[in-house]
Amino acid sequence: MSAPLRLLPWTTPEGKPCYLSTDSTQSRLSRLADDVEAAQLGSGEQVLAGARAVLADPKAGERALRFALTRSVESLADALRVAASRGARVP
């Protein structure tokens with residue numbers, strides 16, 4: 001029986017999901033996906049800190065708020081994709 005497909009942390013140029021079929025969590029592509037997921041989550045932590053700073057600044061303008069919200073949405077999408085990928089691999 002083969003392992004389930006792994007949702008990768010990137011998409012095709014058309015925005016469609018990419019999946020990996022492998023029996024090894026130590027394959028080169030699996031390790032690359034792990035590294036990309038870690039980078040995405042680390043970036044999300046930085047975006048969260050920046051968004052909190054913008055929200056705490058009563059003088060932050062619309063441009064700063066829109067930038068913080070846009071980056072936050074991108075980071076949330078990445079985090080949800082990582083969670084879905086990891087959750088699908090839990091036995």
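A network of salt bridges links R6, D34, E37, R86 and R89, a salt bridge being a side-chain nitrogen of Lys or Arg within 4 Å of a carboxyl oxygen of Asp or Glu. The model is a predicted one, in which local features need pLDDT of at least 70 and side-chain atom pairs count only at pLDDT 80 or more, whereas totals for chains, interfaces and linings use all residues. Residues are numbered from 1 along each chain as its sequence is written, and side-chain values use heavy atoms, with hydrogens and water left out. Five salt bridges are found in the structure.

R6 is buried at 7% relative accessibility, while D34 is partly exposed at 30%, where buried means under 20% relative accessible area, exposed over 50%, and partly exposed in between, for a 1.4 Å probe and protein chains only.

A salt bridge also joins the side chains of E37 and R89, at 3.6 Å from N to O. This pair likewise links distant parts of the chain, with E37 in helix α1 and R89 in the segment after α2 (62-88), 52 residues apart. E37 is buried, with a relative accessible area of 1%, and R89 is partly exposed at 34% relative accessibility.

Because R71 and E74 are three residues apart in helix α2, about one helical turn separates them. R71 is partly exposed at 27% relative accessibility, as is E74 at 39%.

The largest pocket holds about 210 Å³ of space, and its lining includes R6, D34 and R89. A pocket is an open set of points on a 1 Å grid over the protein atoms alone, where a 1.4 Å probe fits, with protein on both sides within 12 Å along at least five of seven lines, and lining residues have an atom within 4 Å of a point. The volume is the space filled by probe spheres set on the points, which are joined across faces, edges and corners. Among the other lining residues are A3, P4, L20 and T22.

Conventions
Helix = DSSP H or I, 4+ residues; strand = E, 2+ residues; numbered from the N terminus.
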